[in-house]
Amino acid sequence: TPCGLRPCTATSQANAQCPGHNSCNTTNTASVVVNALVKLGMGTSATTLTSPTVAQVEIGATIADAGPTFTIKANRSWTLNIRSANATSWSYAGSFAGVKPIGDLTWSNAVAGSYVAITASDALFTSGGAATAGTAAQVFFKTLYPAGFTNAANEPGTYSLSVVFTLTAPSRLYVREDRAAQGCDPRSRRD
């Protein structure tokens, strides 16, 4: 036997070995996965909207207010969405039966832009096609008050609506197929 009369023992071989006389080199590959990263800074967590006046409730009105500012950071293309956390109506606190639909809050990403009624589904607020170290944005609100003192949306009380902003930078995985390993190498074709 190769081991003579002694019992044979297996020895573990290292993955990288370096035999040589005066010097030898081995290589270690260090790798890291950098994920898609985002950071959303918001100037304030609450916005106080302007209360309607007698004249505005009597004839109906739309009242404009500036919402929070944002600082957007991302290491790739990104999207900022907006939606209501409430499904159908504003939250109401008061002694009456106030019911205000969430669509009475409209929003825009520019003070003179087009305003859209908020919904409970994500809507595109703004986006960027590349990485950014600090893109600025701001939301602007217009609140609708229907005409009439007896309208349920104008009942006395406090109305609140949670507005959710979601910043995303989707990850993409690229998979390289080794066609030769699958027997698909055109050089290995047998006609």
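Which residue in E8 does Trp107 stand opposite? Phe141 is the one. Keep in mind that this is a predicted model, where local features need pLDDT of at least 70, side-chain atom pairs count only at pLDDT 80 or more, and totals for chains, interfaces and linings use all residues. Residues are numbered from 1 along each chain as its sequence is written, and side-chain values use heavy atoms, with hydrogens and water left out.

Let's stay with the strands (DSSP runs of E, at least two residues, numbered from the N terminus). Strand E5 (residues 105-108) runs antiparallel to E8 over four bridges; for strands to pair, DSSP must find at least two bridges between them. They belong to an open, antiparallel sheet of five strands, ordered E1-E2-E8-E5-E6. At its edges, strand E1 (38-42) and strand E6 (116-117) each pair on one side only.

Now for the aromatics. The whole structure holds five aromatic pairs, meaning Phe, Tyr or Trp rings (for Trp, the six-membered one) with centres within 6.5 Å; planes under 30 degrees apart are stacked, over 60 edge-to-face, and the rest tilted. Phe70 and Phe125 count as edge-to-face because their planes meet at 70°, with centres 6.1 Å apart. Phe70 sits in strand E2 (residues 61-74) and Phe125 in strand E7 (residues 123-128), so this pair ties together parts 55 residues apart in sequence. Phe70 also makes a tilted pair with Phe165, at 4.6 Å centre to centre and 55° between the planes. That one links strand E2 to strand E10, 95 residues apart. Phe70, with a relative accessible area of 2%, is buried (under 20%, using a 1.4 Å probe and protein chains only), and Phe165 is buried at 15%. Together, Phe70, Trp107, Phe125 and Phe165 make up one aromatic cluster.

Key. Buried < 20%, exposed > 50% of the residue type's maximum accessible area, 1.4 Å probe, protein only.
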